[in-house]
Amino acid sequence: MDAKPQQEHVWLQQMLGDWTMVGECDMGPDQPASRTTGKEHVRALGGFFVVSEGEGEMPGSADTGFMLMTLGYDIEKKKFVGSWAGSMMPGMFFYEGQLDAAKKVLALDTEGPSFTGDGTTAKYQDVITIISRDERTLHSQTLQPDGSWKRFMTATYRRVK
């Protein structure tokens, strides 16, 4: 295969580098949100993928969590693809997503264990928004029975200079 990186692959390259993170996580009904901090290093895997290695405080815990995200663009599917794994859970999430028309927001759909703990799965979405060259956000949300999305985590990343 003699594929060349496409504009979508180039879009991912803007996330390369070292970042600090400040986040907020919904801890459930009648509970205050938990604030966390962390750091992330994003590197290229050739011209087609980026690999993000992060670590941060676990919401409501003194433990440190470690996360690994891969993102690329599948030319045949015409979709962004990737995966996410964290040290705090045994499962891995697999992404498929699209970039908005303004090329600022990447919505990544996935499915995984429901937060209810009843053994069912739920639909989730991680949304990366480029604010500027040196700032981006990631928020995670879950699909509700009425078709709306409920945000449960927001993180702001700032480039280390």
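Reader: Which helix does Gln-13 lie in?

Author: Gln-13 lies in helix 1. Keep in mind that we're looking at a predicted model.

Reader: Why is Gln-13 called partly exposed?

Author: Its relative accessibility comes to 26%. Buried means under 20% and exposed means over 50%, so with 26% Gln-13 falls in between and counts as partly exposed.

Reader: What does Gln-13 touch, once residues up to four places away in sequence are not counted?

Author: Gln-13 touches Ala-44, Gly-46, Gly-47, Phe-49 and Val-50. There's also a C-alpha separation of 8.5 Å between Gln-13 and Arg-43, which sit 30 residues apart along the chain.

Reader: How do you know whether Trp-11 and Phe-80 are buried or exposed?

Author: Check them against the limit of under 20% for buried. Trp-11 has a relative accessible area of 8%, so it's buried. Phe-80 has 1%, so it's buried too.

Reader: Which aromatic pair does Phe-80 form with Tyr-73?

Author: An edge-to-face one again: Tyr-73 and Phe-80 are 5.0 Å centre to centre, with 70° between the planes. Tyr-73 is buried, as is Phe-80.

Reader: Which residues form the aromatic cluster?

Author: Trp-84, Phe-93, Tyr-124 and Phe-152 form one cluster. Tyr-124 belongs to strand 8, where it stands opposite Thr-110.

Reader: What makes strand 7 and strand 8 a pair, and in which sense do they run?

Author: At least two bridges are needed for strands to pair. Nine bridges join strand 7 (residues 105-113) to strand 8 (residues 121-132), so the two strands pair, and they run antiparallel.

Reader: How many bridges are there between strand 8 and strand 9?

Author: Eight, in the antiparallel sense. Strand 8 and strand 9 form a hairpin with two residues between them.

Reader: Why is Ser-140 called buried?

Author: Ser-140 has a relative accessible area of 7%, and the limit is under 20%, so it counts as buried. Ser-140 lies in strand 9 (residues 135-143). Leaving aside neighbours within four places in sequence, Ser-140 is in contact with Gln-125, Asp-126, Lys-150, Arg-151, Phe-152 and Met-153.

Reader: How much space lies in the largest pocket, and which residues are closest to its centre?

Author: About 980 Å³ of space lies in the largest pocket. Of the 43 residues lining the pocket, Met-67, Trp-84, Met-88, Ser-140 and Met-153 are the closest to its centre. Strand 3 (residues 49-57) gives the most to this lining, with six residues. By class, the lining has 22 nonpolar, 12 polar and nine charged residues.

Reader: What about the second largest pocket: which strand gives the most to its lining?

Author: Strand 10 does, with three residues. Strand 9 and strand 10 (149-159) each supply at least two. About 190 Å³ of space lies in this second largest pocket, and its lining includes Asp-26, Phe-115, Thr-142, Lys-150 and Phe-152. The lining residues divide into six nonpolar, three polar and three charged.

Reader: How many cavities of 30 Å³ or more are there?

Author: One. About 40 Å³ of space lies in the largest cavity.

Reader: Which residues line the largest cavity, and which elements give two or more of them?

Author: The largest cavity is lined by Met-15, Glu-40, Val-42, Val-50, Ser-52, Met-69, Leu-71 and Arg-136. Strand 2 (34-45), strand 3 and strand 4 (64-74) are the elements that give two or more residues. The lining divides into five nonpolar, one polar and two charged residues.

Conventions
Residues numbered from 1 in each chain as written. Predicted model: local features only at pLDDT ≥ 70, side-chain atom pairs only at ≥ 80, totals over all residues. Heavy atoms only, no water. Helix = DSSP H or I, 4+ residues; strand = E, 2+ residues; numbered from the N terminus. Buried < 20%, exposed > 50% of the residue type's maximum accessible area, 1.4 Å probe, protein only. Contact = heavy atoms within 4.5 Å. 1 Å grid on protein atoms, 1.4 Å probe; cavity = no way out; pocket = protein on both sides within 12 Å on 5 of 7 lines; lining within 4 Å. Points joined across faces, edges and corners; volume = space filled by probe spheres on them. Nonpolar A, V, L, I, M, F, W, Y, C, P; charged D, E, K, R; others polar. Phe/Tyr/Trp six-rings, centres within 6.5 Å; stacked < 30°, edge-to-face > 60°.
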